[in-house]
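Dear colleague,

Here is the structure I promised to pass on. My notes on it follow below.

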Amino acid sequence: MTQTHNPLKIQKNKGRLFLGELPSSNPPYARFISAMHCFRVAFRILHGYAKEGAQTLADLLTRWPLPGEVDRAAFIKAVAERAGLSDTAEVDTLDEAQIKTIVAAMAAELSGEEPTEQQISMGWVIFKTNAK
């Protein structure tokens, strides 16, 4: 996913581009200017899920669109373990430390590569700057 800067395998948003997304002919995944823009979108999406009622880690990850080859139950378990949480842990999507740990774990599981702290932190800064 390096060439697309999309370690979270975020799908294209029908009708409009996310902030930092580049036009792409590689459906179904979005292509970003940088990984930090991908992380910014992830924070935004997860925060949106929380505003719609998702409260636990499992609630959030159950809604995350996964590639067909990924087993959802195994993904939730692996992310929970990497993040040091249970799948029933309540998540505050505005708790910087908690959500950055979760998103980093998601990226590592989906891409097989550990994101850098700088990529995650810059994504958080962009998210907070543009949060609604």
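Trp124 and Phe127 sit 3 residues apart in helix α5 (residues 117–130), so about one helical turn separates them. In general, an α-helix has 3.6 residues a turn, and residues three or four places apart therefore point the same way. Please keep in mind that this is a predicted model.

A search of the whole structure gives 4 aromatic pairs. One of them joins Trp124 and Phe127, with the ring centres 5.4 Å apart and 50 degrees between the planes. That angle makes the pair tilted, since stacked requires planes under 30 degrees apart and edge-to-face over 60. Both Trp124 and Phe127 are buried. Ring pairs also bring in Phe43, which forms a cluster with Trp124 and Phe127.

The other element I looked at is helix α3 (residues 72–83).

The buried residues of α3 are Phe75, Ile76, Ala78, Val79, Ala80 and Ala83. What do they pack against? Their partners are α2 (57–63) and α4 (96–111).

Both ends of α3 have a local feature to look at. At the start, a side-chain oxygen of Asp71 comes to within 3.4 Å of the backbone nitrogen of Ala73. Just after the helix, Gly84 adopts a positive phi of about 70 degrees.

Regards

Notes
Residues numbered from 1 in each chain as written. Predicted model: local features only at pLDDT ≥ 70, side-chain atom pairs only at ≥ 80, totals over all residues. Heavy atoms only, no water. Phe/Tyr/Trp six-rings, centres within 6.5 Å; stacked < 30°, edge-to-face > 60°. Helix = DSSP H or I, 4+ residues; strand = E, 2+ residues; numbered from the N terminus. Buried < 20%, exposed > 50% of the residue type's maximum accessible area, 1.4 Å probe, protein only. Contact = heavy atoms within 4.5 Å. Polar contact = N/O pair within 3.5 Å; in protein donor to acceptor, adjacent residues only side chain to side chain.
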